[in-house]
Structure formats: C-alpha cells, structure tokens
Amino acid sequence: MTAFVVAFSIASVLTAVFAFRFRNSRRPGVLAAYFLVFFVVEWLASHFFIPPGAFGMEIALICFPLAGVFVGASVLSQRWEAQEHSER
C-alpha cells in the first residue's frame with residue numbers, strides 16, 4: 001500500500017509541475033498520459049529496483065502538498081492571464 005501511495009504522490013507532483021511549467025492544465029488527456037507514465041515508472045521501480053522500505057509515507061507527505069502548491073499556482077496564473085487579456 002505504501003508503494004502505491006508514494007507512486008501516486010510522486011506522479012501527482014510531477015504532473016502538477018509539468019502542467020504549471022508548460023501551461024498544459026487545460027489539456028486533460030496530456031496530463032492523464034503524463035501522470036500514468038510516471039505512476040507506472042515509479043510503481044515498477046518500487047517493485048524491481050528500489051529496496052523495500054526505502055520510500056516511506058514521508059515522501060507522500062511532502063509530494064502531495066507540493067502538488068497542491070503547483071495546482072494552485074496554475075489556477076492563479078490562468079486567472080491572472082485571463083484578467084490581463086480581458087483588460088486589453
């Protein structure tokens with residue numbers, strides 16, 4: 001269960017950073033594909049390459065808030081850009 005939650009949290013933060021950096025938050029298909037790729041890679045790595053117990057729940061406790069920060073930043077930047085375009 002820990003491996004699933006950690007893989008989910010890492011995939012979440014990487015997807016949120018990708019959406020913020022490349023402004024892809026309005027393309028759910030791209031975000032879903034990006035999330036799935038990183039989730040599968042992390043899940044497979046946790047089973048085949050990473051020693052058991054190397055990643056604890058502490059990783060998830062860090063990654064989920066970081067994902068929230070980047071989701072919030074994406075929303076705020078979209079609102080700011082929309083406001084800038086409407087004022088012109």
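Tutor: The discussion below concerns helices and their contacts. This is a predicted model, in which local features need pLDDT of at least 70 and side-chain atom pairs count only at pLDDT 80 or more, while totals for chains, interfaces and linings use all residues. Residues are numbered from 1 along each chain as its sequence is written, and side-chain values use heavy atoms, with hydrogens and water left out.

Student: What span should the 21 residues of α1 have at 1.5 Å a residue?

Tutor: Helices here are DSSP runs (H or I, at least four residues), numbered from the N terminus. The expected span is 1.5 Å times one less than the number of residues. For α1 that gives 30 Å, and the end C-alpha atoms are 30 Å apart, which agrees. Helix α3, with 31 residues, reaches 46 Å from its first C-alpha to its last, close to the expected 45 Å.

Student: At what angle do α1 and α3 pack?

Tutor: Axes are lines fitted to C-alpha atoms over the stretch in contact, and angles run from 0 to 180 degrees between N-to-C directions. Helix α1 (residues 2-22) and helix α3 (residues 57-87) pack at about 25°, with axes 8 Å apart. That makes α1 roughly parallel to α3, a term for angles under 35 degrees. The crossing is left-handed, meaning that the near helix is turned anticlockwise from the far one by less than a right angle.

Student: Which classes of residue form the contact of α1 with α3?

Tutor: Contact means heavy atoms within 4.5 Å. Residues of α1 including Val5, Ile10 and Phe20 meet residues of α3 including Met57, Phe64 and Ser77. The contact divides into 19 nonpolar, 5 polar and no charged residues. Ala, Val, Leu, Ile, Met, Phe, Trp, Tyr, Cys and Pro count as nonpolar, Asp, Glu, Lys and Arg as charged, and the others, Gly among them, as polar.

Student: How do α1 and α2 cross?

Tutor: The axes of α1 and helix α2 (residues 28-48) come within 8 Å and cross at roughly 145°. Among the residues in contact are Phe4 and Leu14 of α1, with Tyr34 and Glu42 of α2. By class, this contact has 17 nonpolar, 3 polar and 1 charged residues.

Student: Which residues of α1 are buried?

Tutor: Buried means under 20% relative accessible area (1.4 Å probe, protein chains only). In α1, the buried residues include Val6, Ser9, Val13 and Ala16. Their cover includes α2 and α3. In α3, Ala60, Cys63, Ala67 and Ser74 are buried, and what covers them includes α1.

Terms used
Helices (H or I, at least four residues) and strands (E, at least two) are DSSP runs, numbered from the N terminus. Angles under 35 degrees count as roughly parallel, over 145 as roughly antiparallel, 65 to 115 as roughly perpendicular and the rest as oblique. Buried means under 20% relative accessible area, exposed over 50%, partly exposed in between (1.4 Å probe, protein chains only).
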